[in-house]
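Visitor: Can you walk me through this one? I'd like the packing and the charged contacts.

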Amino acid sequence: ATGMVAGFSASEFTRHEFEAQEFVAMARRSVPLDELVKDLSAHLAQLKMNLVDAINQDYAAFVGMASSLKGLDKALSRVRTPVDALRTEVQQIRDAAAAAAEQVDTKLEEREVLLKSERRLTLLLDVEIGIQKLELLLGESESLTASPKEDNFAYPENSKSASVLERIAHEFARLKGQVGRLEDESNVNLRKELISRI
């Protein structure tokens with residue numbers, strides 16, 4: 001509402017920091033109490049009229065909105081059915097995806113086990129072949145050291161024996177490294193057996 005109330009602008013009543021007692025005390029300094037009451041009553045009547053006008057202006061729209069909502073519950077019911085079906089379908093897809101992911105994880109774990117077994121088997125075969133090679137080299141070394149030679153023929157034999165010993169040392173070091181790669185705890189006894197054979 002606009003206008004004046006007891007010499008004050010009507011906007012004073014809408015201020016956030018408005019205090020009724022402070023306003024009355026200030027108004028009584030300029031107008032008598034009965035005139036202040038008259039002005040306040042007139043302002044209150046004007047506010048009521050403004051409120052009625054606002055209600056009358058929006059009433060038609062309010063009634064129209066209420067009438068437009070008729071049948072909305074039936075429409076919502078028709079929509080709810082496919083929505084519920086879609087929600088169920090989405091949940092089924094999620095469950096199927098979770099099951100598929102679990103199967104993939106299982107297959108990956110099985111593949112990892114197979115790869116480990118394949119690597120272990122390859123190492124074991126290589127170690128077995130190396131042990132056989134080492135045994136042949138040891139036999140060759142023993143045959144060289146067992147046959148006595150004259151001094152003038154000893155140098156070539158000693159050179160050959162040294163070459164065999166070098167090959168034995170190289171193969172031994174390689175086999176020790178291969179056996180050390182069998183780090184699986186289930187192969188502890190196997191490693192001990194292989195090391196003892198070497």
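Guide: We'll take the ground rules, then the cores, then the salt bridges.

Visitor: What are the ground rules?

Guide: This is a predicted model: local features need pLDDT of at least 70, side-chain atom pairs count only at pLDDT 80 or more, and totals for chains, interfaces and linings use all residues. Residues are numbered from 1 along each chain as its sequence is written, and side-chain values use heavy atoms, with hydrogens and water left out.

Visitor: Which residues make the largest nonpolar core?

Guide: Nine residues: Val127, Ile131, Leu134, Leu137, Leu144, Val164, Ile168, Leu175 and Val179. A nonpolar core here is a set of buried Ala, Val, Leu, Ile, Met, Phe, Trp, Tyr and Cys residues joined through side-chain atoms within 4.5 Å. Buried means under 20% relative accessible area, exposed over 50%, partly exposed in between (1.4 Å probe, protein chains only).

Visitor: Which elements give two or more residues to this core?

Guide: Helix H3 (72-146) and helix H4 (151-180). H3 supplies the largest share, five residues. Helices (H or I, at least four residues) and strands (E, at least two) are DSSP runs, numbered from the N terminus.

Visitor: What does the second core include?

Guide: Phe23, Ala27, Val31 and Leu36 are among its five residues, and this core is separate.

Visitor: Switching to charges. How many salt bridges does the structure hold?

Guide: Six. The criterion is a side-chain nitrogen of Lys or Arg within 4 Å of a carboxyl oxygen of Asp or Glu.

Visitor: Is Glu171 buried or exposed?

Guide: Buried, at 4% relative accessible area. Lys133 is partly exposed at 42%.

Visitor: Where does Arg174 come in?

Guide: Its side chain meets that of Glu171 in a salt bridge, 2.9 Å from N to O. Both lie in helix H4, three residues apart, about one turn of the helix. Arg174 is partly exposed, at 30% relative accessibility.

Visitor: Which residues do the shared partners join?

Guide: Asp126, Lys133, Glu171 and Arg174, in one network of salt bridges.

Visitor: And what does Arg119 pair with?

Guide: Arg119 forms a salt bridge with Glu112, the closest N and O atoms being 3.8 Å apart. Arg119 is partly exposed at 45% relative accessible area. Glu112 is partly exposed too, at 36%.
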